[in-house]
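This briefing walks through selected features of one protein model, grouped by topic. Please keep the sequence and the structure in view while reading.

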Amino acid sequence: MDITSIRCITLVVAILSISSCLAEQIKICPTNQHQLDWSGGGAYPKILSHNDKVYLISDVSGIWNAGYAEAEWQQTNSGLANLSVSNIVFSTSQPLIGYATTKSGISKTIDGGETWQDLNNLPDNVNFKRWETFNNIAIDESMPTEFIFGDRKGNIYRYESEHAQLLITTPTEEVISSLIVSNQGTIVAGTSTSRYIFRQLNNQWQLTKQHPSTTLDLTVAGLNDQQSLFATSNNQVLISVDDGVQWESLNLEAHISDTSVAHRLAVKSNSLGEFSLIVAWYEDWKSGILVSHDSGKTWQNSLKEIDYSNTNPTRSWNHNDISKIMSVNFDYKNENILYFTTYWGIWRSIDAGETWTENFKTGASNTVGSGIAITENGDVVTASMDVGLIRYPTNGQPTSLLPIATDQYFDNDMAGHFWNVIVQSKKIIATSSAWQSEANQIVISEDSGVTWQRVSQGLPSYYSTDWPIWSKGYARALIADKNDPNKFYLGIDGHGLYISTNGGYEWQRSLTKPPSKRIYNALDQDKLNNILYWGTASNGVYSTNNDGETWVHTGLKKKYVYDLVVSQDGAVYAGSANSEQDGHGAAVFKKQNPESEWELVKDFNVVGAVDAMVIDPLNPERIVVSLTNWIHKNEGELHISNDAGINWQKINANVGIGIADLVFSTCSQQLFVAGYSQGISQIDISDYSAIQDLNVNINNFYKLQDSWAWSYYEDEQARSVWKSDAAISWKVTVENTKDIAINFESINKPGERKLPDNYPGFIIEVIVNGESKAQLTVPASDTEWQQSSILIPIDTTGEKIIEFKWLNNISSPATDTNWGLRKISMSQ
């Protein structure tokens with residue numbers, strides 16, 4: 001081979017139906033991966049080691065578990081009706097039996113937490129809440145199907161024979177945060193103001209002692225055949241060796257200030273014949289841990305050596321502080337393995353508390369998403385409650401865009417809830433409600449998130465509380481004008497429509513308010529007819545063709561509409577919810593054009609709402625909707641239609657309580673979703689598409705020139721281009737004018753010589769009917785096959801020829817390039 005030669009290699013594809021298209025319309029589809037499993041946003045109320053597994057609960061995402069050797073958490077919510085979990089406990093005598101408390105009751109497992117079932121015959125309206133009801137179940141180990149529990153009204157029950165029986169009520173009727181039962185049958189209950197001792201006398205439960213102190217956690221532990229009771233008490237930890245008659249302090253005065261509260265406690269007997277203890281304390285939002293291995297005689301600050309996770313993007317602005325600790329625990333086997341959780345973090349020590357590692361397993365995402373967008377290069381940008389704006393790049397770590405770090409912990413003007421986000425090239429515009437703000441605001445970056453400007457000019461100076469959808473009116477509905485990229489429309493719940501004509505920097509309320517100002521996400525524009533549609537959670541959909549000077553009620557009277565979208569051809573889809581006046585549950589209605597009436601295209605016959613919708617930008621007949629109920633029930637669903645709403649398929653995906661927002665990937669092969677409970681995730685929807693396989697593969701070529709050579713790599717047939725003017729073609733039959741997707745894998749196969757340094761990849765010129773349309777770069781590697789996907793839009797029929805011409809072959813004594821090709825396929 002002439003080592004100075006530069007070769008142009010042509011791949012020719014003969015197709016019976018394909019259109020001409022503009023160069024910028026041809027897309028190379030990113031195949032890189034996003035690291036979407038960052039955990040944070042909700043809270044982790046408890047971590048528990050039991051029966052060779054570690055269990056983790058969330059107040060928004062349910063339950064995970066993982067074996068010791070497993071690197072990722074596995075979600076185990078099957079049968080769990082409510083995903084807001086506050087406590088989890090297992091039997092030691094029958095380790096497969098366990099219980100979890102949620103916002104709607106108590107669930108039971110008999111298979112170690114793999115599946116769950118709600119318990120019947122609980123007290124009316126019983127519910128449990130993170131932080132408040134942390135440790136409030138005590139299992140009867142002689143009969144693990146029975147247990148004693150405390151509720152949020154000061155009641156203590158025994159659950160037996162599938163019924164809850166009231167035993168006694170605390171005098172103050174406060175939330176019972178913690179509860180233990182001693183081996184002598186004594187019940188100790190802790191609340192935010194007292195520690196109560198109950199004993200059964202003459203077959204009646206009686207209060208025998210009330211200690212005034214903040215008692216947020218209790219536990220029992222045995223040593224030398226003697227059981228001891230332990231309690232947190234204000235800024236102390238107490239021990240009782242006589243079944244709760246006398247309590248002795250374990251002397252934390254030198255380690256916890258008078259203004260701090262000891263609130264979490266774990267105790268385990270150790271190999272030294274002593275008790276090991278973990279105590280967590282908090283003051284405001286700051287927290288710490290003390291560890292003792294000699295029954296509380298001496299204590300050490302256990303948070304001196306901390307390995308913070310680089311997968312947590314919020315570490316860029318929260319200064320590596322430990323926020324309020326939610327739980328502490330020992331490994332049930334190994335006394336040197338310790339755990340604790342915070343609101344956004346999961347921690348483990350394998351050296352008895354000397355050092356700690358954050359997020360020692362991955363995959364327990366509980367971010368409460370709200371908005372999602374995708375950039376031109378395939379990066380995902382999300383808006384979420386509490387954690388702000390986060391960018392998830394391809395093949396990289398997630399990074400926080402907002403809030404930003406300051407000397408005062410974080411930027412109080414920015415930190416808080418972010419509701420919606422739009423990306424236009426380097427511009428990012430989002431809506432937010434800062435934790436310490438009195439009104440909604442807009443934030444704008446013109447440099448991909450490097451610098452930001454906060455905007456409030458022309459916006460309301462207060463939150464509306466006049467019948468808002470949530471506790472107050474938030475600015476969720478934000479869209480860019482489809483005909484003018486500098487114009488934006490903003491719907492603020494309770495206030496109405498606001499318009500900016502200068503890129504979002506100044507806002508003005510529409511001349512007249514929409515007849516109903518109760519809006520969630522239901523705002524979109526008909527590009528063809530320049531009509532703005534305004535969906536309300538009270539009275540259907542209104543429209544305006546003059547920026548709110550006048551409004552027309554288009555229909556769906558008295559229906560609650562939480563989202564709507566408008567397709568490229570002007571069809572409007574509205575997602576509705578249950579209302580007192582409407583017999584439909586979650587349903588989709590369609591308005592074909594401005595003159596047509598609304599029609600019901602799908603009633604899902606479930607209680608809840610269709611509150612997130614998206615139309616495929618490459619196919620106006622393809623629509624995906626999310627069903628949710630907003631009350632933490634594990635009943636969210638995704639459904640897809642490929643024929644403008646006529647037929648629907650349920651997408652098999654775990655979406656928790658539902659999806660807040662969703663967007664198609666660059667080439668519509670995937671969905672990126674922001675869940676209300678399951679964080680940010682990527683869902684493959686290829687199995688739900690109406691795809692026609694064009695029956696192309698590496699062997700059924702139509703014409704093969706002798707300049708192509710057969711080669712066999714890894715037991716699969718492939719072709720490696722080693723000579724100029726090589727060409728291959730296929731004949732296919734195409735029956736419609738949808739985009740053609742061409743998929744293939746590439747590799748560099750030059751022999752012993754390798755790719756040159758800084759080789760960009762195989763540069764391919766795309767030629768249609770002899771006319772150059774685009775130049776694309778597909779990945780190249782000496783060792784791994786690299787997947788590539790290309791979309792070619794078409795709008796006419798007839799025989800066409802597509803060529804891929806390789807432009808950057810390089811050869812030298814040390815380097816060489818040969819384009820290896822395999823697994824080619826075409827579909828529509």
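Asn329 is buried, with a relative accessible area of 15%, where buried means under 20%, exposed means over 50%, and partly exposed lies in between (1.4 Å probe, protein chains only). The model is predicted, and local features need pLDDT of at least 70, side-chain atom pairs count only at pLDDT 80 or more, and totals for chains, interfaces and linings use all residues. Residues are numbered from 1 along each chain as its sequence is written, and side-chain values use heavy atoms, with hydrogens and water left out.

**Surroundings of Asn329**

- Asn329 belongs to strand E28 (residues 325-330), strands being DSSP runs of E with at least two residues, numbered from the N terminus.
- The Asn329 side chain comes to 3.0 Å from the backbone oxygen of Ile47, which can be read against the polar contact rule of N or O atoms within 3.5 Å, where within protein one must be able to donate a hydrogen and the other to accept it, and residues adjacent in sequence count only if both atoms are side-chain atoms.
- Setting aside neighbours within four places in sequence, the residues in contact with Asn329 (heavy atoms within 4.5 Å) are Lys46, Ile47, Leu48, Ala266, Ile278, Leu338 and Tyr339.

**Aromatic pairs**

- The count of aromatic pairs is 29, using rings of Phe, Tyr and Trp (its six-membered ring) with centres within 6.5 Å, and calling planes under 30 degrees apart stacked, over 60 edge-to-face and the rest tilted.
- Phe340 and Trp356 form an edge-to-face pair, because their ring centres are 4.9 Å apart and their planes stand at 70°.
- Since Phe340 lies in strand E29 (residues 338-342) and Trp356 in strand E31 (residues 355-358), this pair ties together parts that are 16 residues apart in sequence, and both Phe340 and Trp356 are buried.
- Tyr520 and Tyr562 are also edge-to-face, because their ring centres are 5.8 Å apart with planes at 80°.
- Tyr520 is in the loop between strand E43 (508-509) and strand E44 (523-526), whereas Tyr562 is in strand E48 (residues 560-566), so that the pair links distant parts of the chain, 42 residues apart; Tyr520 and Tyr562 are both buried.
- One aromatic cluster is formed by Tyr99, Phe128, Phe147, Phe149, Tyr157 and Tyr159.

**Charges over rings**

- The charged end of Arg264 sits over the ring of Phe134 at 3.9 Å from its centre, the rule being that NZ of Lys or CZ of Arg is within 6 Å of the ring centre and within 35 degrees of the ring normal.
- Lys324 lies over the face of Trp131, 4.7 Å from the ring centre.

Definitions and conventions: Helices (H or I, at least four residues) and strands (E, at least two) are DSSP runs, numbered from the N terminus.
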